[in-house]
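Take a look at the chain below. The walk starts with its charged pairs and then widens to the whole fold.

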Amino acid sequence: MATLILRDTYRALIEEMESLDKLKRETSEKIRDAASHGDLKENAEYHAAREEMRLIMYKKQLMQSYVPFRFIEFG
């Protein structure tokens with residue numbers, strides 16, 4: 001069953017997904033940089049970046065779980 005959504009809301013979701021994609025790329029770089037500092041077991045920067053990546057991925061999956069959309073007209 002399709003999720004009913006306004007076109008303006010859909011545009012806002014698309015912008016949020018693009019923002020998450022950008023944040024995902026930036027976080028990936030943080031992970032890479034933190035990993036280059038050495039021992040990963042005691043690297044708090046690395047673990048924080050990995051946790052941030054998990055949250056980003058969870059949010060993306062949650063947003064995608066409402067697909068497909070069916071537009072409704074307001075007014």
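Helices here are DSSP runs of H or I, at least four residues, numbered from the N terminus. The model is a predicted one. How exposed are the two partners? Aspartate 8 has a relative accessible area of 58%, and arginine 11 has 47%. The cut-off for exposed is over 50%. Therefore aspartate 8 counts as exposed, while arginine 11 counts as partly exposed.

Why can such pairs form at all? Side chains of opposite charge can pair when their charged atoms come close. The salt-bridge test used here asks for a side-chain nitrogen of Lys or Arg within 4 Å of a carboxyl oxygen of Asp or Glu. Across the whole structure, a search finds six salt bridges. Next come two pairs that join helix α1 to helix α2.

Take glutamate 16 and lysine 59. They form a salt bridge, and their closest N and O atoms are 3.1 Å apart. Glutamate 16 lies in helix α1 and lysine 59 in helix α2, so this pair ties together parts that are 43 residues apart in sequence. Glutamate 16 is partly exposed, at 28% relative accessible area. Lysine 59 is partly exposed too, at 38% relative accessibility.

Now move to lysine 60. This residue is found in helix α2, residues 44-64. Its side chain meets that of aspartate 21 in a salt bridge, 2.5 Å from N to O. Is lysine 60 buried or exposed? The cut-off for buried is under 20% relative accessible area. Lysine 60 has 12%, so it counts as buried. Aspartate 21, at 28%, counts as partly exposed. What else does lysine 60 touch? Leaving out residues up to four places away in sequence, its contacts are Met17, Leu20 and Asp21.

Step back to the whole chain. Its secondary structure comes to two helices and two strands. From the N terminus, the order is β-α-α-β. What box do the C-alpha atoms fill? Along the principal axes, the box is roughly 60 × 20 × 15 Å. The radius of gyration is 17 Å, whereas a compact globule of 75 residues would have one near 11 Å.

Buried residues make up 17% of the 75 residues; lysine 60 is one of the buried residues. Consider contacts between residues at least 6 apart in sequence: 69% of them join residues at least 24 apart. The glutamate 16 and lysine 59 pair, 43 residues apart, spans such a separation.

How are the charges placed overall? The chain has 13 positive and 14 negative charges. Their mean positions are 5 Å apart.

Conventions:
Residues numbered from 1 in each chain as written. Predicted model: local features only at pLDDT ≥ 70, side-chain atom pairs only at ≥ 80, totals over all residues. Heavy atoms only, no water. Rg over C-alpha atoms; globule rule 2.2 N^0.38 Å. Buried < 20%, exposed > 50% of the residue type's maximum accessible area, 1.4 Å probe, protein only. Contact = heavy atoms within 4.5 Å. Lys, Arg positive; Asp, Glu negative; His and termini not counted. Charge placed at Lys NZ, Arg CZ, Asp CG, Glu CD.
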